[in-house]
Amino acid sequence: MSDVKKMVTKITNLHGKTSESLLPILQEILVQERYISEDAMVEVARVLDISAAEVYGTATFYSFLSTKPLGKYVIRVCKTITCMMHGKNQIIKELEDVLKINTGETTNDKLFTLMETNCLGQCHEGPAMLVNDTPYTKLTPEKVRDIIERYKTNEILAN
Amino acid sequence: MATKHLMRLDLIFKNENDTENIIKKTMSRSNEDIINDLISSGLKGRGGAGFPTGLKWKLTADTKSDEKYVICNADEGEPGTFKDREILVRVPEKVLSGMAICAKAIGAKKGFIYLRGEYKFLVPKLQTSINEFHELLDSIGNSFRINIYMGAGAYICGEESALFESMEGQRGEPRNKPPYPTQSGFRNSPTVINNVETLAHTYSIFKYGADKFRDLGVQDSRGSKVFSVSGDTPNPGIYELEFGMTLQRFVEDFGDGDAKAVQVGGASGFCVPRKKFEKTIIGYQGKLTGTSLPTGGSMMIFNSSRSMYNVLHNYLDFFVEESCGQCTPCRVGTQQLLHGIEAVKRGDMPSGYLSKLLDLSETMRLTAKCGLGQSVANSFSSIVENFREEMIY
């Protein structure tokens, strides 16, 4: 059995093999593989007995899923109005400088992907960002540099 | 600053520590009794649309089916809203109790909390609360069960039928209505879907009685409301206030002294300029004329240093990304509105073009399939009409 097949078997055994399990399955694949590959989508379709187009449709609809490889840590900076008003652009600039990538890109060592996202629901404490599932609020350029450093040195471990 | 502050309430976040009593007491009542209590309380949905909660429960209870569901809508995605997160963190037992009581009243065995992907960090604690709550239900011989279902970053999934689609593994594209969820919701079964805050309010109603709840607020807008206050304010955060306040009173309490506009109800809500603060009331009563505004609780304050063009641009950018793309008015309309205001700002289009864009937003209100496309006109027209000069120069 190929690696993709093994992984999909394991995940579908855990989450179930109906189309209702599709979203949890894709979320889990993303956690493990850092993206949802074409092979994985085809295999999920086979196991769930639905069309691959349906799997592709769902995989490409949600902003937290990705069919392109992401870094180990995905940074999502809130760009909605109140975070914007409180200095989101400086946070993005600082992250781009520190990580030496543009928004939308992944670092060469595959450690970080930088993205902008819509409202994170932290509007009273903006600017805010998520690193994988962990929210960071009231950001300043200094704070952001420190957070990235702590991820780089494994002081904060993957979640 | 006014001498008398708006009354701050402490119903939702009050630590009651008597979940077991409330559950036992309410579960021993008849379903009709429970639902009638909720109807007479006047509680309306706190997600923003304001549908009467008791009626929703009654319609679902009246629909005959072996399978029914209770879903807590925790896909809190409206810009400027963060109250549901706070409720789930501080008083999850109230939300869970509301779900269990609803399940009994309508005849459901399963419940789900659809939690937005951005709030995944809440899961460990929330799951612990659910486990404890299940033990409590076990102890009284109740087999109702609640599961968390994780969203994956899509604003549209806050729309109830899109949420069902998402839970069924599909793209989050809204369904045609009717049928409404009370008839055909999750798995095409009758479903009550309530906002987090709405469910938490039912707990207070069952504890203190419908009359106590009715005493708060004003006609057609009963009870208290949790507001998420952000923007240009010295006191951002969560506040539980009584319905029926004027925006003027609100701004006196929460503004920085220089408020020029308040966006009530998030990107899909209305922008109210300073000159209309006095006559704008926060509540559900009356028609949506712009003088009485219903709200999911998002209150974003902008002071005179802010460009309302930038505000509108940000909202439109949001809608362009979050439109599911299923229906043409919304998919194309949101893009054209965004391109349109950019063209006017650049001077590529005359200022009169704004009237055409207003017409377009009105067309979207009439023809878009769901609330997302229909409500783009709310912020668009209220910002363009009240701050026209800022759109042009």
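Visitor: Let's start in chain A: which residues in H1(A) and H2(A) meet?
Guide: Bear in mind that this is a predicted model. On the H2(A) side you have A:Pro24, A:Ile25, A:Glu28, A:Ile29 and A:Gln32. By class the contact of H1(A) with H2(A) divides into 5 nonpolar, 3 polar and 1 charged. Facing that set, H1(A) brings in A:Met7, A:Ile11, A:Thr12 and A:His15.

Visitor: Are H1(A) and H2(A) oblique or roughly antiparallel to each other?
Guide: Helix H1 (residues 3-15) and helix H2 (residues 22-33) of chain A have axes 10 Å apart, and they pack at an angle of about 135 degrees. Roughly antiparallel would take an angle over 145. So H1(A) and H2(A) come out as oblique.

Visitor: And is the crossing of H1(A) and H2(A) left-handed or right-handed?
Guide: This is the pair with A:Ile11 of H1(A) and A:Ile29 of H2(A) among the residues that meet. The crossing of H1(A) and H2(A) is right-handed.

Visitor: What about A:Ser21, is that buried, exposed or partly exposed?
Guide: A:Ser21 sits in the loop between H1 and H2 of chain A. Being buried would take 20 or more other C-beta atoms within 10 Å, and being exposed 12 or fewer. A:Ser21 has 19 within that distance, so A:Ser21 is partly exposed.

Visitor: Which element supplies the largest share of the side of chain B that touches chain A?
Guide: Overall, 37 residues of chain B are in contact with 30 residues of chain A. Helix H7 (160-167), strand S7 (224-231) and helix H11 (308-322) of chain B each supply at least two residues of that side. By class, the chain B side has 14 nonpolar, 14 polar and 9 charged residues. The largest share, 5 residues, comes from H11(B).

Visitor: Staying in chain B, why are the buried residues of H10(B) on the same side?
Guide: Helix H10 (residues 247-254) of chain B has B:Leu247, B:Phe250, B:Val251 and B:Phe254 as its buried residues. Their cover includes S7, strand S9 (259-264), strand S10 (270-273), strand S11 (281-282) and strand S13 (298-303) of chain B. They share a side of H10(B) because the arc they cover around the axis is only 95 degrees.

Visitor: How many nonpolar residues does the contact of H13(B) with H14(B) have?
Guide: H13(B) contributes residues including B:Leu354, B:Leu358 and B:Met364, and H14(B) residues including B:Val376, B:Phe380 and B:Val384. The contact also has 4 polar and 2 charged residues. The nonpolar count is 7.

Visitor: Last one: how many helices are there in chain A?
Guide: From the N terminus on, the elements of chain A run α-α-α-α-β-α-α-β-β-β-α. Its strands number 4. The helices number 7.

Definitions and conventions
Residues are numbered from 1 along each chain as its sequence is written. Chains are lettered from A and ligands numbered from 1 in the order in which they are written. This is a predicted model: local features need pLDDT of at least 70, side-chain atom pairs count only at pLDDT 80 or more; totals for chains, interfaces and linings use all residues. Two residues are in contact if their C-beta atoms, placed from the backbone, lie within 7 Å. Ala, Val, Leu, Ile, Met, Phe, Trp, Tyr, Cys and Pro count as nonpolar, Asp, Glu, Lys and Arg as charged, and the others, Gly among them, as polar. The arc is that of the directions from the helix axis to the C-beta atoms. Axes are lines fitted to C-alpha atoms, for helices over the stretch in contact, and angles run from 0 to 180 degrees between N-to-C directions. Angles under 35 degrees count as roughly parallel, over 145 as roughly antiparallel, 65 to 115 as roughly perpendicular and the rest as oblique. A crossing is left-handed if the near helix is turned anticlockwise from the far one by less than a right angle, and right-handed if clockwise.
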